[in-house]
Amino acid sequence: MPHRLTALFRPIAVAALALACIARPAMAIETGILTLAHDGLERRALVDMAPNAEKAPVLIALHGGLAGPYTVRRKARVTLAREGWVVVWPFAIDDWNDGRTDWRGRPHDDADDIGFLRRLIDRLADAGVADPERVFVAGPSIGGIMALRLMCDAPDLVAGIAVAIAAFAEDYECRQGPAKPVLFIHGTEDDLVPPGGGRIGGWNPLVAERGNVMAVDRTMEIIARRNGCNGFEARALPDRVPSDGSTVEFRRYDGCDQPLVHFVVEGGGHTWPGSSPSGLGERIVGATNQDFSATQVVQDFFRAIAEGDSATPPRRPQ
């Protein structure tokens, strides 16, 4: 590994990495843990990148509350690192400080996560491996709520976001600011982040108190207004796997200053479309749609923006 990358992070699991490279004979990548001190805490991120990465676009993938970076990385099967991107999987201290509050009105988590992510981007940019003007953020669940907060409170950090099975924290006020490309995915039968708004965990008494979210429709209204959109065109995607118990409506918003697209998974649960079913079971998380790959559409969306095509919203998946 070149010296500047050795200084950036420590390699992990060399044997496992070699096996991964054999399984995917594309661009070789290195995997390591980047650590930094921020706000009196040691913060960490798992990083996938090519050994010769230079001013590359960056995907920051924020994990949710049910799984950490390693699990999300394994399920999502992101391939951008093999195309020359830097893919970063940060660790939250507990939950993300994403605008949710507890019953007393205090932040649900008080870690300086925006500051941590800013430092993380700076570290990668200072090492010469990342382009700070092409940083994209994606996250499911609580990771998606954090991505929404970054768009509103730190728009200078992000070139676009992708949000799945999430919504704005209840009573959170999104600051006015520049329009940003946004891809949104939600399931209409999500019992953990209720699409109609309310308590995270919904009816399930086994889910610890994690605050409330606003309705998905209200969340989309806020984003559409921020992006200057004036309505949307809706089309049904082909129901390729009828046995998955769900279908998909694809919405592309019109007249936007930056692209806004929304995949409404009718009958879908708190799941990542196109992935293997969750180990928690369908009774807890709901149905996993197999008509499209969430990973593929997120990568296509960000790739188009990184290559300078942000003025034209992406076409719907075929």
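Trainee: What volume does the largest pocket have?
Mentor: About 600 Å³. Keep in mind that this is a predicted model.

Trainee: Which residues are closest to its centre?
Mentor: Ala-67, Val-72, Lys-75, Pro-140 and Trp-272. They belong to a lining of 33 residues.

Trainee: And which elements give two or more residues to that lining?
Mentor: Strand S4 (56-61), helix H3, strand S6 (130-140) and helix H8.

Trainee: What does the lining look like by class?
Mentor: There are 18 nonpolar and 14 polar residues, plus one charged residue.

Trainee: Let's look at H3. Which of its residues are buried?
Mentor: H3 spans residues 69-76, and its buried residues are Pro-69, Val-72 and Ala-76. Val-72 also came up among the residues closest to the pocket centre.

Trainee: What covers them?
Mentor: The cover includes strand S5 (86-90) and helix H8 (294-306). H8 also gives two or more residues to the pocket lining.

Trainee: What happens just after H3?
Mentor: Arg-77 comes there, with a positive phi of about 55°.

Trainee: Switching topic to strand S13. Is it mostly covered or mostly open?
Mentor: Mostly covered. S13 runs over residues 260-266, and six of its seven residues are buried.

Trainee: In which sense does S8 pair with S13, parallel or antiparallel?
Mentor: Parallel, over six bridges. S8 covers residues 182-187. As an example, Val-182 has Leu-260 of S13 as its bridge partner.

Trainee: And S12 with S13?
Mentor: That pairing is antiparallel, also over six bridges. S12 is residues 247-253. Here Val-248 stands opposite Val-265 of S13.

Trainee: How many residues sit between the strands in that hairpin?
Mentor: Six. Gly-255 in this hairpin takes a positive phi near 65°.

Trainee: Now the whole chain. How many helices and strands?
Mentor: Eight helices and 13 strands.

Trainee: How much of the chain counts as buried?
Mentor: Of its 318 residues, 54%.

How values were computed
Residues are numbered from 1 along each chain as its sequence is written. This is a predicted model: local features need pLDDT of at least 70, side-chain atom pairs count only at pLDDT 80 or more; totals for chains, interfaces and linings use all residues. Side-chain values use heavy atoms; hydrogens and water are left out. Buried means under 20% relative accessible area, exposed over 50%, partly exposed in between (1.4 Å probe, protein chains only). Helices (H or I, at least four residues) and strands (E, at least two) are DSSP runs, numbered from the N terminus. Contact means heavy atoms within 4.5 Å. Two strands pair if DSSP finds at least two bridges between them. On a 1 Å grid over the protein atoms alone, a cavity is a set of points where a 1.4 Å probe fits but cannot get out, and a pocket is an open set with protein on both sides within 12 Å along at least five of seven lines; lining residues have an atom within 4 Å of a point. Grid points are joined across faces, edges and corners, and a volume is the space filled by probe spheres set on the points. Ala, Val, Leu, Ile, Met, Phe, Trp, Tyr, Cys and Pro count as nonpolar, Asp, Glu, Lys and Arg as charged, and the others, Gly among them, as polar.
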